[in-house]
Amino acid sequence: MDFFMWIQSPTDWGMLFLSALLIGMSKTGIQGISLLAVPLMAMTFGAKPSTGLILPILCMADLIAVLYYRRIAEWKYVLKLLPAALAGFAVALLVDKHVPPAEFKHLMGGCLFAVLVVMLWSEWKGKENSLSSYWWYGPLFGLLGGFTTMIGNAAGPVMAIYLLSVKMPKYSFVGTNAWFFLVINYLKIPVQVLAWDNITLSSLALDACTVPFVLLGGVLGILLVKRLPEKGFRYFTTAVTCVSVLMLLV
């Protein structure tokens, strides 16, 4: 598949570069912004081909985030989520051919909306989220994260809701998020190359054109996190996550 054939106008290039910028910002700053890039890429390159084009961009941004936040991560949360996330990969591969993508989208949105409501209710009441203390809470998010990232690179809101719900400070939030997605996204590469065949030399050449915009987005994300106070970061991340979840519902 020649992805350069899909570029028909300057607008298409603009969509590609804007998506790369948003992904860079999300990895070093506000998780959830990257979900805005998913529909932009799908409109330009098609739903399934775009997932193969986005993945190397995500991997580049993950690497930038980990290099910057390499010493800031709550590894107990990463290790709690990873096994279930791998199970989510398997579920996604099993059901991919049997359920229409639109139904996946609405199912993911419904699940995330329910959890988001619980989290917001806990915030409003000033209480701890009691669900987060149960043994199944972390693995449930890991499973949902692995499933959504495999189907449509849409796990940003899943991880954001989980890390917000366990009251993680902003730098630990970004560092933990960075390490989790670095592992997850690099594990996805052989699956998408061998099983879905949507990462090609042509797509990688197109991805290479986005590197400056990923770097710029990464810098903007770092500056944004530095400027936002702890509460401001939490409120802004919650707002972006709410928008992301609503995008999955409509």
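How many aromatic pairs does the structure hold? The structure holds 13 of them; rings of Phe, Tyr and Trp (its six-membered ring) pair if their centres lie within 6.5 Å.

Before selecting anything, note that this is a predicted model, in which local features need pLDDT of at least 70, side-chain atom pairs count only at pLDDT 80 or more, and totals for chains, interfaces and linings use all residues. Residues are numbered from 1 along each chain as its sequence is written, and side-chain values use heavy atoms, with hydrogens and water left out.

**Stop 1: aromatic rings**

Select Tyr-134 and Trp-136. Their rings are stacked, at 5.6 Å centre to centre and 20° between the planes. Planes under 30 degrees apart count as stacked, over 60 as edge-to-face and the rest as tilted. Tyr-134 is partly exposed at 45% relative accessibility, and Trp-136 is partly exposed at 33%. Here buried means under 20% relative accessible area, exposed over 50%, and partly exposed in between (1.4 Å probe, protein chains only).

Next, select Tyr-137 and Tyr-162. This pair is tilted, because the ring centres are 5.8 Å apart and the planes stand at 35°. Tyr-137 lies in helix H6 (residues 137-152) and Tyr-162 in helix H7 (residues 156-165), so the pair ties together parts that are 25 residues apart in sequence. Helices are DSSP runs (H or I, at least four residues), numbered from the N terminus. Both Tyr-137 and Tyr-162 are buried.

**Stop 2: one face of a helix**

Select helix H2 (residues 37-45). Its buried residues are Ala-37, Val-38, Leu-40, Met-41, Thr-44 and Phe-45. Look down the axis of H2: these residues fall within an arc of 165°, so they line one face of the helix. The arc is that of the directions from the helix axis to the C-beta atoms. Just after H2, Gly-46 has a positive phi of about 95°.

Helix H9 (residues 201-208) has Ser-202, Ser-203, Leu-206 and Asp-207 buried. Seen down the axis of H9, its buried residues fall within an arc of 140°, so they too line one face of the helix.

**Stop 3: two helices crossing**

Select H1 (residues 10-28) and H10 (residues 211-227). Their axes come within 6 Å and cross at roughly 40°. Axes are lines fitted to C-alpha atoms, for helices over the stretch in contact, and angles run from 0 to 180 degrees between N-to-C directions. Contact means heavy atoms within 4.5 Å. Residues making this contact include Phe-17 and Gly-24 of H1 and Phe-213 and Gly-221 of H10.
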